[in-house]
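Here are some friendly notes to read alongside the model. Please keep the viewer open as you go through the points.

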Amino acid sequence: MLFNSYVFIFIFLPLTLVAFYTLGRLKLAKGAIAALALASLFFYAYWNPPYLLLLAGSIVANYLVGRLLSNPDMANRKGILGVGVTFNLLLIGYYKYAAFLLGNILPGGVYASVDGALGLGDIFLPLGISFFTFQQIAYLVDAYQGQTKDYGFVDYCLFVSFFPQLIAGPIVHHKEVLPQFYKPETFQFSHRSLALGLTTFVLGLSKKVLIADNISPWVGTVFSHAADVSFIEAWVGALSYTLQLYFDFSGYSDMAIGLGLMLNIQLPLNFNSPYKATSIVDFWRRWHITLSNFLRDYLYIPLGGSRRGELRRYGNLMATMLLGGLWHGAGWTFVLWGGLHGAFLSVNHLWRKQKLALPGFLAWGITFLAVMVGWVLFRAATLGDARTLLATLFGLNGVVIPGEASGKLGVLTKFGLQLQSWKDLTYLPVLNNSKLLALLALVVLVVACVRLPNTQQIVERLRPRWHWACGIGVLSTFCLLSLSRVSEFLYFQF
């Protein structure tokens, strides 16, 4: 079930809110938690019912291991932790990495035989497996370190399956969410929480359906014809994906936070205007914050962090980012994207150690360009496509600036955010079909990312006034009219 669908907005969400707060009003807190857990499991099963067994099995196994680790008198706790972590890694390894790893290790003929026997190529990646697996690994480590409490099974089940963040995050820590389900005020309906939650949800939904979905055709056209695009088309494609990924994923995270607020649950911030960053270190403090924190706390620091000298620090950064890239997907493009950011971070730390500095605008420009280059590698289907697109992007295949939108970017015959998709209600005439105008539209979006407040800053300024209500109402109308072309979120594939 998608957040950006009529069935979720008009059926699932209202019924869930009514059930949760009705049970809460009757002082049945445990019943409310159980109802929310069941709703979350139904939400997951709606997509592919058989994989509910996978999620349920993962929850039960990790809960039992966590209970054992929570007992300080339990013998061989380190061994139990190893079993629990191995179980989770094998689970995600089979579904996400088996075909990739065996395909790169085994000779072609041998792999074909193995694939024929095991059907590796037919494995369907379960939704959210990267998120709920890593979330539970973190829980087991914390249980081993004595940081968890004796949570009940239903509480733990809700912590893992909580539908706002189950599929694509944010990756939550048990101490950030579980204690909130023990507060009496969580079960009391709040007009303020509902207003803030709806506003945050609508702002996130607008990012997805009004911006990300409307520039996605430009992305697909360019990256599907990497060898044929021109200089301007390559820039349109690179900028389009840079913006699509941000508005799509941050839109999901905003919606998740908004849904949490509607249920009086505060989920952690996952994006903080990452394209305002003036260094790669700053970028990773703003982009996918919960993943950055996870990699720092459970990988970079255990490897030694920066405590064992500069060379070891850079090695730890590279190892962490390479694994972070692999977390996103089973492919060499993801691995090299992670390695590229590991190198960027190492250079950034070395630069800071030398106490060097650049003017603010120049620092921002270099950072944004580095991030965009990384996204080209991240999105490309193959390393060859990435190499070709980057060469075209930097003029190595020639620079041609056409005046009309011909060739591979036929989609640009409609300017801007596909305003014609809003039917007759808000139709605006097409200004021009030039590729340069498309590029200008994308540059305007970049400027908006850099200069305008983000969702959290907008919500902080929210006041119960009629003009706020009218603005959010109009935005909601545009979003709902656009839901006839429902599309998945990009991070569902990771």
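1. **The largest cavity.** Two helices, α11 (231-262) and α19 (455-460), each supply at least two residues of the lining of the largest cavity. Helices here are DSSP runs of H or I with at least four residues, strands are E runs of at least two, and numbering starts from the N terminus. α11 provides the largest share of that lining, 5 residues. By type, the lining of the largest cavity divides into 4 nonpolar, 7 polar and 2 charged residues. Nonpolar covers Ala, Val, Leu, Ile, Met, Phe, Trp, Tyr, Cys and Pro, charged covers Asp, Glu, Lys and Arg, and the others, Gly among them, are polar.

2. **Ground rules.** This is a predicted model, in which local features need pLDDT of at least 70 and side-chain atom pairs count only at pLDDT 80 or more, while totals for chains, interfaces and linings use all residues. Residues are numbered from 1 along each chain as its sequence is written, and side-chain values use heavy atoms, with hydrogens and water left out.

3. **How many cavities are there, and how much space lies in the largest?** The whole structure has 3 cavities of 30 Å³ or more, and the largest holds about 60 Å³ of space. Of its 13 lining residues, S250, D254, L269, F271 and Q456 are the closest to the centre. On a 1 Å grid over the protein atoms alone, a cavity is a set of points where a 1.4 Å probe fits but cannot get out; a pocket is an open set with protein on both sides within 12 Å along at least five of seven lines; and lining residues have an atom within 4 Å of a point. Grid points are joined across faces, edges and corners, and a volume is the space filled by probe spheres set on the points.

4. **The largest pocket.** The volume of the largest pocket is about 930 Å³. Its lining has 36 residues, with F134, I137, F294, Y298 and L299 nearest the centre. The largest share, 8 residues, comes from α13, and the lining divides into 24 nonpolar, 8 polar and 4 charged residues.

5. **The second largest pocket.** About 630 Å³ of space lies in the second largest pocket. Among its 29 lining residues, R192, S193, L196, L261 and V459 are the closest to its centre. α10 gives the most to this lining, with 6 residues, and α11 and α19 are among the helices that each supply at least two.

6. **H173.** This residue is found in the loop between α8 and α9 (174-177). Is H173 buried or exposed? H173 is buried, because its relative accessible area is 17%, and buried means under 20%, exposed over 50% and partly exposed in between (1.4 Å probe, protein chains only). Leaving aside neighbours within four places in sequence, H173 is in contact (heavy atoms within 4.5 Å) with D142, F159 and Y298. Y298 is also one of the residues nearest the centre of the largest pocket.

7. **Helix α3.** The 19 residues of α3 (residues 51-69) reach 27 Å from first C-alpha to last, close to the 27 Å expected, where the expected span is 1.5 Å times one less than the number of residues. Its buried residues include Y51, L55, I59 and N62, and their cover includes α2 (29-45), α4 (77-105) and α6 (129-144).

8. **The chain overall.** The protein chain has 20 helices and 0 strands, and 52% of its 494 residues count as buried.
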